[in-house]
Every structure is written in structure tokens, then in C-alpha cells.
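Student: I have a structure open and would like to go through it with you. Could we take it one question at a time?

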Amino acid sequence: MTKFELNRKKISIHQAKPYLLLAMAALVACLPVTSMLFTLKNDVLAIEYPFLHIISESVRNGESPIWFNTWCMGFPLQSTLTWGAYSTPAVLTGTLLPFDIYVLHAMFVLFVMSSGWAMFKLLATHFLEDRKLSLLFSCCYMLSGFTVSSSQWLLYITGMTFIPIVLYYTLNLLKRPSLKRSFYWGLSYFLLLTNVHIYLTVFTSYFLFFFFLFI
């Protein structure tokens, strides 16, 4: 292995290390869920799990996830943007795997983990030069009281992931406008709109609107 390849490998390890540490922190912090010793409770099990399960069963059997039939004599899944019918992660996961309680737990932990990754990327790229400080703040954000108190609402946990992603691409676009960055910003906002509780999306949209006006 040449000196150039060794340096490149060290840089790759250095860049990946914060994300690995955040992943380990999320796994340990969510150990009751990660180990499957305890199950998620309340709304995430009674409300969101049936939605995601029906979407998975529909897609895997070649049907369009149109109708949800277990509440109030049923209603169309397409009636709201923030449920799983328009969610890329939900549909992709439901297509690849039969959606059961284990997949729900894995999705929950992955969103907690990815919220730390997204915040680290945002802070390290646009706000802080000290990567250790960015790592510390990202871990605090990922494991904050909001995560613990919102564990029964998956649509809140997804907001912790997609809001920093939207802010990251917003700042990227403002600093160096390009068609490619515009596409990534639009994609990130689409993921926010279709995966996060509507009040968080509305709040973020108002914030971006006034932020753009200010800029």
C-alpha cells in the first residue's frame, strides 16, 4: 500500500469515526428497544404500526396502498401527506421486508441514529470547525429529552432527522447556488413533507420563508 493510499485510508477513517460513535451511542441509549427486550408503546404501536404494516402488505402483494380499514370504517391513505403512503422510507422498507414489530424497532433506532448524523453534518459543515464539539452537540441533540418524550410518535422522531437535513441543503444552496444543490434541497423538503408531523413541517416552512426573506 502506497503512502497516498495510507493517507487516504486515514482520512476516510477520520471522517467516518464521528458517525460510528453516534451510531454506537444511539444503540446503547436505545438498548431496551435495540435488544428487543421491551417494545415501543402507545401511539407508535397503536397508530403508526398498523399504517406501515398495511402499506407493506399492500405493496408486497402488488396492490396500491389506498385504503386503511381499521379505523372509523376506513379512510383513504392518500388523504394526508404525512402518513406512510407517500413516505419513501416507509414504502421502500415495506417493499423489501414484511413490516413487523422488529422492523418498526429497527426503523425507530435508525431514525434516532440518523438524527445525530444529520445534526453533525450540519454543524461540522456550516457552523463549527471543531469536530469534537460538533460531535458532542450532535449527541446531545440525538439523545435529548425530546427524543425520550416523543418515542411514542415516530413522526416526531423523523422530524429530528429531516429538519437538520433541510437546513443543511438550504445553507448549501445559499452559499453556492446550482441546479444540483436545488435538486437536493427539493428532495430533502419532499422527505420532510412526507415523513414528519405536519406541525413541524409548517413551522420549518415558516422559518425557511422568513430566513430567505432576511437573506
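**Contacts, cysteines and helix packing**

Tutor: Happy to! Setting aside neighbours within four places in sequence, Val91 contacts Ile55, Gly84 and Ala85. Keep in mind that this is a predicted model.

Student: Which helix holds Val91, and is Val91 buried, partly exposed or exposed?

Tutor: Val91 sits in helix α4, which covers residues 88-96. Its relative accessible area is 24%. Buried would require under 20% and exposed over 50%, so Val91 is partly exposed.

Student: How far apart are Val91 and Pro32 in space?

Tutor: Along the sequence, 59 residues separate Val91 and Pro32. Going from C-alpha to C-alpha, the distance in space is 26 Å.

Student: How many disulfides does the structure hold?

Tutor: A disulfide is a covalent bond between the sulfur atoms of two cysteines. Here a pair of sulfur atoms has to lie within 2.5 Å to count. For Cys30, the closest cysteine sulfur is that of Cys139 at 11 Å, which is too far for a bond. Cys140 is in no disulfide either, with the sulfur of Cys139 6.2 Å away, and the number for the structure is zero.

Student: Is Cys30 buried or exposed?

Tutor: The relative accessibility of Cys30 is 9%. The cut-off for buried is under 20%, so Cys30 counts as buried.

Student: How are helix α3 and helix α5 oriented to each other?

Tutor: Helix α3 spans residues 43-60 and helix α5 residues 101-126, and their axes are 11 Å apart. The angle between them is about 105°. Angles of 65 to 115 degrees fall in one class, so α3 and α5 are roughly perpendicular.

Student: Last one: where is Phe209, and what separates its C-alpha atom from that of Leu192?

Tutor: Phe209 belongs to helix α10, residues 198-214, and is partly exposed at a relative accessible area of 47%. Phe209 and Leu192 are 17 residues apart along the chain. The separation of their C-alpha atoms is 15 Å.

Conventions: Residues numbered from 1 in each chain as written. Predicted model: local features only at pLDDT ≥ 70, side-chain atom pairs only at ≥ 80, totals over all residues. Heavy atoms only, no water. Buried < 20%, exposed > 50% of the residue type's maximum accessible area, 1.4 Å probe, protein only. Axes fitted to C-alpha atoms, helices over the stretch in contact; angles between N-to-C directions. Helix = DSSP H or I, 4+ residues; strand = E, 2+ residues; numbered from the N terminus. Parallel < 35°, antiparallel > 145°, perpendicular 65-115°, else oblique. Contact = heavy atoms within 4.5 Å.
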